[in-house]
There are 2 protein chains.
Amino acid sequence: MCRVKKTRTRNRGLGDVTTRHYINSGWLQKGRDIMNTQELAKAFTDMCAKGEFDAAGNEFWSDDIVSREPMTGDMAVLKGRRAVEGKGEWWYANHEVHNVKVEGPYVHGDQFVVRFKMEVTPKGKQRMDLDEVGLYTVQNGKIVEERFFMGGPQS
Amino acid sequence: MCRVKKTRTRNRGLGDVTTRHYINSGWLQKGRDIMNTQELAKAFTDMCAKGEFDAAGNEFWSDDIVSREPMTGDMAVLKGRRAVEGKGEWWYANHEVHNVKVEGPYVHGDQFVVRFKMEVTPKGKQRMDLDEVGLYTVQNGKIVEERFFMGGPQS
């Protein structure tokens with residue numbers, strides 16, 4: 001798995017407030033380096049762009065991650081790393097992914113957005129285009145929530 | 001200004017939870033129709049795609065809208081319609097907008113995302129590309145928060 005460089009350098013620009021929050025939170029005083037949101041967002045998005053979705057999750061999800069899909073039913077809200085990994089396993093078992101285009105990240109404070117366009121064939125169904133964005137919330141250098149937004153026909 | 005059709009029809013799919021919330025909230029019992037998030041998001045994005053940004057704001061901003069930019073300084077957080085309109089006036093006075101490409105909306109519950117790619121020339125500076133997304137939060141058929149996320153060089 002690709003490991004990403006961690007640094008004590010303060011972010012000079014976007015995510016500045018978040019970085020200050022980390023510095024004030026006491027984590028650095030415990031001798032632990034934490035990536036700021038801009039760095040984490042870039043590293044996470046780079047891994048997704050290479051198709052390394054599982055590795056990106058392993059690297060950046062909090063153990064307490066909450067995953068929210070724009071639907072009702074069992075998978076609408078999943079809590080905890082094991083549950084979210086289970087959703088990924090279900091997805092790959094039930095969809096053939098032909099290609100993925102990743103754009104971003106777009107950053108604001110402790111949140112960032114990534115856009116995913118993909119062509120998939122759900123098991124037993126027709127090949128289709130998916131266009132969605134993920135909104136990720138970061139705390140202490142880990143993603144604590146991912147929230148997916150579904151696109152429809154373009155305006 | 002383009003007026004959009006309001007309907008009592010329940011949304012069958014994305015935004016379903018939001019619609020139920022409206023129905024249960026008592027607003028409809030007061031004889032008032034409220035667009036659900038999916039309908040509002042589509043109408044708002046269509047107006048933006050036509051370049052009707054001011055009209056979209058007039059139509060859909062709550063009087064108490066909060067606008068958040070990914071920066072520090074005076075314009076990082078603006079509260080209230082008048083303050084947010086003032087930001088728009090400042091923007092147009094200080095940027096020549098050559099073209100805008102709008103993609104979306106992407107919807108989840110009471111929130112939606114729109115992507116804006118534009119070519120602009122800030123006053124006295126070089127022509128440049130901007131790539132950002134807006135995350136909009138809807139309550140009672142109005143946008144109560146807009147939060148902008150800034151893109152950097154693509155991964």
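Which residue of E6(A) does A:Arg68 stand opposite? A:Arg68 faces A:Arg147. The model here is predicted. Chain A holds four helices and six strands. Chain B superposes on chain A by a rotation of 180° with 0.0 Å of shift along its axis. The two copies are thus related as by a two-fold rotation axis.

**Layout of chain A**

- From the N terminus on, the order of elements is α-α-α-β-β-α-β-β-β-β.
- Chain A has 155 residues, and 32% of them count as buried.
- Take the contacts in chain A with a separation of 6 or more: 48% of them come from residues 24 or more positions apart.

**Strand pairing within chain A**

- Strand E1 of chain A covers residues 61-68 and pairs with E6(A) in the parallel sense. Four bridges link this pair.
- A:Val66 stands opposite A:Lys79, a residue of E2(A).
- In a regular strand, side chains alternate between the two faces of the sheet.

**Helix H2 of chain A**

- Helix H2 spans residues 37-49 of chain A, 13 residues in total. At 1.5 Å a residue it should span 18 Å, and its end C-alpha atoms are 18 Å apart, which agrees.
- Is H2(A) mostly covered or mostly open? The helix is mostly covered, with 10 of its 13 residues buried.
- Among the buried residues of H2(A) are A:Leu40, A:Ala41, A:Phe44 and A:Met47. A:Thr37, A:Gln38 and A:Glu39 are also buried.
- Just after the helix, A:Gly51 takes a positive phi of about 85°.

**Where the chains meet**

- On chain B, 29 residues are in contact with 28 residues of chain A.
- Two helices of chain B, H1 (16-25) and H2 (37-49), each give two or more residues to the side that touches chain A. So do strands E3 (95-108), E4 (111-122), E5 (128-139) and E6 (142-151) of chain B.
- E3(B) supplies the largest share of that side, six residues.
- By class, the side of chain B that touches chain A has 14 nonpolar, eight polar and seven charged residues.
- The copies meet through the same surface, because 97% of the interface residues of chain B are also interface residues in chain A.
- Strand pairing crosses between the chains too: strand E6 of chain A, residues 142-151, pairs with E3(B) in the antiparallel sense over two bridges.
- A:Gly151 stands opposite B:Tyr106, which lies in E3(B).

**The nonpolar core**

- The largest nonpolar core has 50 residues. Which of them touch the most other members? They are A:Val113 and B:Val113.
- Leaving aside neighbours within four places in sequence, A:Val113 is in contact with residues of its own chain, including A:Gly104, A:Pro105, A:Tyr106 and A:Leu135.
- The contacts of A:Val113 also include B:Val113, B:Val133 and B:Phe149.

**An exposed residue in chain B**

- B:Asp63 sits in strand E1 of chain B, residues 61-68.
- B:Asp63 has 9 other C-beta atoms within 10 Å, so it is exposed. The cut-off for exposed is 12 or fewer.
- B:Asp63 and B:Ala41 are 22 residues apart along the chain. Their C-alpha atoms are separated by 18 Å.

Key
Residues are numbered from 1 along each chain as its sequence is written. Chains are lettered from A and ligands numbered from 1 in the order in which they are written. This is a predicted model: local features need pLDDT of at least 70, side-chain atom pairs count only at pLDDT 80 or more; totals for chains, interfaces and linings use all residues. Two residues are in contact if their C-beta atoms, placed from the backbone, lie within 7 Å. Ala, Val, Leu, Ile, Met, Phe, Trp, Tyr, Cys and Pro count as nonpolar, Asp, Glu, Lys and Arg as charged, and the others, Gly among them, as polar. Two strands pair if DSSP finds at least two bridges between them. A residue is buried if 20 or more other C-beta atoms lie within 10 Å of its own, exposed if 12 or fewer, and partly exposed in between; C-beta atoms are placed from the backbone. Copies are superposed by least squares on the C-alpha atoms of residues with pLDDT of at least 70 in both. A nonpolar core is a set of buried Ala, Val, Leu, Ile, Met, Phe, Trp, Tyr and Cys residues joined through C-beta atoms within 7 Å. The expected span of a helix is 1.5 Å times one less than its number of residues.
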